[in-house]
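Q: Please take me through this model feature by feature. For each one I would like the general idea, then the case at hand.

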Amino acid sequence: MAGAEANSAFQLAEFMEAFAEELMETGFIEGFEFCHFRTARGIRIDGYWFNDEGGLDLFIADFESRLELASLTQTDVNALFKRATNFYEASKDKNLYSELEETSPEYGLSRDIADRKSSLQKVNFFILSERVLSDRLQALESNEIDGVSVSYHVWGVSRLQRQRSSRGHKEALDIDFLETFGAALPCLPAHVGSASYQSFLIVIPGEMLASLYGRYGARLLEQNVRSFLQARGKVNKGIRGTILNEPDMFFAYNNGITATAQAVETQSGDGGLEIVRLVDLQIVNGGQTTASLFHTQRKDKASLERVFVQMKLSVIPTEAGEEVVPKISEYANTQNRVNAADFFSNHPFHIRIEEFSRRIWAPAQQGAQRETKWFYERARGQYADAQSKLTQGEKRRFQAEYPKPQMFTKTDLAKFENVWDDDPKWVNLGAQKNFARYAARIGKEWNQAPDRFNEWYYRRAVARAIVFRAVEKLVSAQPWYNGGYRANIVAYALAIIGKCCEDAGKKLNFQAVWEAQSLPASLENALVVAAKYVNDDISRPPEGISNISEWCKKDGCWLRLTNGIDKLTAQLDEDFWSSLVTEEQAASEAKAARKTQKIDNGIDAQKEFLIFQLRSGWKFETLAQRRRF
């Protein structure tokens, strides 16, 4: 019986984390922490995430490992949301945490809700279901609980499948201004009839812009990592001062925002042309302006009635978006070009990693009879798209060459890399923030030395992926693991092992991991020891912090782990230390790989020139030109 319950809990955790990862990839949620708790009193919760803007996402699962696809009815939905609401209200008003084990994830969540109830601005309830939504399901209206805005979202397998099969495009925002705000948005067309795309000049009320940000948050900024970074909880002092002291001058003082959309619907109003609907509105410059309006209104109770913002809107069709939108963002953000974090899927870094993944064969694992490749998705849906037109036989060959477990995305790559090369707290802050951090760093490094991103870098990244995913499984299998905080334990276990190596002047032998496509026993044992060390430490957050997951997002968590590193170092055996390589060896390998990449870059440039020559019919005119070529 106990074994069956443990297996059921494992399946639930895997279901929730896999589902949540899809939603994080598409920007519907910022992060996810698994937290399963239920009582006979009609209380249940299966996950959560706090953001830094007063928001809380609460998740409940509809998962019973059903053998047949069933329908999720309105009655089912209401019952599930009621259980999640009961958890929220019992935590907020009835001190539910006092009945719970202090080291459990549910205690931390319940206590945090009680402690933060005065600062919570919005709660989003999510149902993640293995069933298909009934066609009779009515719209789920937002409401309030004790003055806090509440919204409800249902994700069934059919909706998830539609998202997965959308050929790499997220489910676009669809904003109906008449329905949402009761009024259309006056605009001036800024395009000529024969123009390849539409553009508009708009004066958008500050209240409307703040409301859009409050409703959709980071989803408005997904096309530009820089805007995302600018917006995260920061309030520009100048913008705030203008709102509070000179709201009538905001339009004159502020540079405005630049935005794009996939489609626009207009109508003729009494005062001229009006926008009534926008599909996939994205703010590509002006993230800080938008966030500052929202935060100043919320924190300072400021009125935005007299605040207006100029907006330049370009309507870019879906098929041209990947090429055109990044350019709009780049040219709108020229004041900070060197620190470019507009890290889109067509950035040369992603294209190079993708090219490596399609070309480089990984060694066969022990016992396997053939080599395989790792598949890098630089744009969402590429793995599915690559198989969409294949026959069954071709699909089998494709999957033998690119096994599904060897597919990884941009956010995966950021996670694999940042635990070793950056502060591990970023991995604990959620996929979006971690990717934004990674993008900013890699963007700078690419501008300085693109040759460092070479085949050696790719092989090391894959080796890090192997290590990361292996530790996830190792932690879940440990007798001391209680089912919570796995993501936190994994991130810090890897980071602390890296710190042990650094302090000893050594590096992990990622080349050995690449060649074996698995972890050597010495490394596996060391990581189990490190994971136990991390688990024991983070389970004792300092006084005043009740939620372990939230503690893992703070600088103090990593500082305390590193301060006690001698305890861990003493537990690592000789086999582990002897398996490491020196920093000189690692640097030598990296240097040789950079030289090779420079040669490859020269060959690629010659190829491009030759292709241009053949296509244009251009011929060498002189011997000197031929020699220079």
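The dialogue below goes from the chain as a whole to a sheet, then to helix packing and single residues.

Q: What kind of model is this, and how are residues numbered?
A: This is a predicted model, in which local features need pLDDT of at least 70 and side-chain atom pairs count only at pLDDT 80 or more, while totals for chains, interfaces and linings use all residues. Residues are numbered from 1 along each chain as its sequence is written, and side-chain values use heavy atoms, with hydrogens and water left out.

Q: How many helices and strands does the chain have?
A: Helices (H or I, at least four residues) and strands (E, at least two) are DSSP runs, numbered from the N terminus. The chain has 27 helices and 20 strands.

Q: What percentage of the residues in the chain is buried?
A: Buried means under 20% relative accessible area, exposed over 50%, and partly exposed in between (1.4 Å probe, protein chains only). Of the 629 residues in the chain, 50% are buried.

Q: Among contacts between residues at least 6 apart in sequence, what share joins residues at least 24 apart?
A: A contact means heavy atoms within 4.5 Å. In this chain the share is 72%.

Q: In what order do the strands of the 6-stranded open sheet run?
A: Two strands pair if DSSP finds at least two bridges between them. The order in this open sheet is 1-2-3-5-8-7, and the pairing is mixed. Strand 1 (33-39) and strand 7 are at the edges with a single partner strand each, so one side of each has no neighbour in the sheet. From one strand to the next the twist averages 30 degrees.

Q: Why is strand 8 described as largely enclosed?
A: In a regular strand the side chains alternate between the two faces of the sheet. Strand 8 (residues 148-155) has 6 of its 8 residues buried, so the rest of the structure largely encloses it.

Q: Which residues of helix 6 are buried?
A: An α-helix has 3.6 residues a turn, so residues three or four places apart point the same way. In helix 6 (residues 206-216) the buried residues are Gly206, Met208, Leu209, Ala210, Leu212, Tyr213 and Tyr216.

Q: At what angle do helix 18 and helix 19 pack?
A: Two packed helices are described by the angle between their axes and the distance between the axes. Axes are lines fitted to C-alpha atoms, for helices over the stretch in contact, and angles run from 0 to 180 degrees between N-to-C directions. Helix 18 (residues 455-476) and helix 19 (residues 486-503) pack at about 125 degrees, with their axes 10 Å apart. That makes helix 18 oblique to helix 19 (angles under 35 degrees count as roughly parallel, over 145 as roughly antiparallel, 65 to 115 as roughly perpendicular and the rest as oblique).

Q: Which residues of helix 18 meet helix 19?
A: Val467, Phe468, Val471, Glu472, Val475 and Ser476 in helix 18 meet Arg486, Ile489, Val490 and Leu494 in helix 19. By class, the residues of this contact are 7 nonpolar, 1 polar and 2 charged (Ala, Val, Leu, Ile, Met, Phe, Trp, Tyr, Cys and Pro count as nonpolar, Asp, Glu, Lys and Arg as charged, and the others, Gly among them, as polar).

Q: How does helix 18 pack with helix 21?
A: Helix 18 and helix 21 (residues 521-538) pack at about 60 degrees, with their axes 10 Å apart, and are therefore oblique to each other. Val467, Val471, Leu474 and Val475 in helix 18 meet Leu523, Glu524, Leu527, Val528 and Ala531 in helix 21. This contact has 8 nonpolar, no polar and 1 charged residues.

Q: Is valine 462 buried or exposed?
A: Valine 462, which lies in helix 18, counts as buried at 1% relative accessibility. Not counting residues up to four places away in sequence, valine 462 touches Trp374 and Trp514. Valine 462 and tryptophan 514 are 52 residues apart in sequence and 7.1 Å apart in space, C-alpha to C-alpha.
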